[in-house]
Amino acid sequence: MAVYTHVPAEEMAALLARYGLGGLRSAKGIAGGVENSNYLVEAEGGRFILTLYEKRVDAGDLPFFLALLDHLADRGLPVPRALRDRDGVQVQTVAGRPACLIEFLEGVSLSHPTPAQARATGEALGRMHAALADFTPERPNSLGLVGWAALAARCGAAVDTIAPGLSARIAEEIAFLDAHWPTDLPRAVIHADLFPDNVLMLGDAVTGVIDFYFACTETRAWDLAVTHSAWAFSGDGADYRAEIGDALLAGYEATFGLSDAERAALPVLARGSALRFTLTRAWDWLNTPADAMVTRKDPLAYLRRLDFYAAHPECFPA
Ligand SMILES: Nc1ncnc2c1ncn2[C@@H]1O[C@H](COP(=O)(O)OP(=O)(O)O)[C@@H](O)[C@H]1O
Ligand SMILES: N[C@@H](CCOP(=O)(O)O)C(=O)O
């Protein structure tokens, strides 16, 4: 459950009136996600998602995210637009937080995807990258190579309460990535968080891509590495699933493709992905308010992925 901010029913009803969506029928906090507060809202005018943006989303970035969603939706990608109220406004203030009413998309998030579903996700990622070729807005990646060192410093030695020696392992990996990170690969706007819980599917079809709130301008192939690290392992990171990882890569190659330099960089890009999510999960593990209705995610599930990628760069086909 990720609900940090409670929205009174009266305020929910008043919001719907601003959109002309009729009366409120129901509003339920949504179990998934950890970054923001999400509600499933049933109104006379339909079913919607109300997202209240919490601390990791800068309200100043919302125009970028919403323009990105409109750009992709205009090109037929299965992404949810933020609705505009009667005055054409997309960003509201609800219970003191910036908020948007978002189109509801059908589909379910998978816990144990098949190779066919992984391939479909790789294909969807490739189509997204193709559609973004003419998207000109930019947003720096606050959780890229420079951001990791800063976040590690903020976490400090407290991470050693998560696992003995974790701070030293993080410092060692940052030093490796500083020395080996590719700097000459194509850059573009990427999703940067394409986990299974951010892909909605019906059977083998991708019916929704959601949660663009880490989207940023970055090495484009890193998006594939992030997706690979999220999909190609058991949830706890203990088991690598080559058939899933290979299907994901094949799907991406089928709809967009990689240069030889990008393909060669995937092992290092994947290490960066595993470190990034180890760090954000470690920070959240140590700093989630006790009264927040949220399920903390295990940082060690990504440390295991990092150790796997460091030991098995050959998991990426040459
Ligand atoms: N547009 C949408 N259509 C249908 N379900 C959605 C939509 N957006 C979010 N959800 C549901 O809400 C959950 C949490 O959303 P998400 O964006 O992942 O939260 P967070 O912003 O905290 O990461 C998702 O796992 C999904 O089940
Ligand atoms: N997907 C990342 C970051 C948390 O994302 P959310 O979509 O669950 O808010 C992770 O699992 O660490």
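A disulfide is a pair of cysteine sulfur atoms within 2.5 Å, and by this rule the count here comes to 0. What you see above is a predicted model, in which local features need pLDDT of at least 70 and side-chain atom pairs count only at pLDDT 80 or more, while totals for chains, interfaces and linings use all residues. Residues are numbered from 1 along each chain as its sequence is written, and side-chain values use heavy atoms, with hydrogens and water left out.

Let me turn to the charges and the rings. A charge sits over a ring if NZ of Lys or CZ of Arg is within 6 Å of the ring centre and within 35 degrees of the ring normal. The charged end of R271 sits over the ring of F176, 3.6 Å from its centre, and that of R47 sits over the ring of F104, at 5.1 Å.

Finally, consider L248, which lies in helix 7, residues 242-255, helices being DSSP runs of H or I with at least four residues, numbered from the N terminus. L248 counts as buried, at 1% relative accessibility. Beyond its neighbours within four places in sequence, L248 is in contact (heavy atoms within 4.5 Å) with residues including A118, R119, L224 and H228.

Technical notes. Chains are lettered from A and ligands numbered from 1 in the order in which they are written. Helices (H or I, at least four residues) and strands (E, at least two) are DSSP runs, numbered from the N terminus. Buried means under 20% relative accessible area, exposed over 50%, partly exposed in between (1.4 Å probe, protein chains only).
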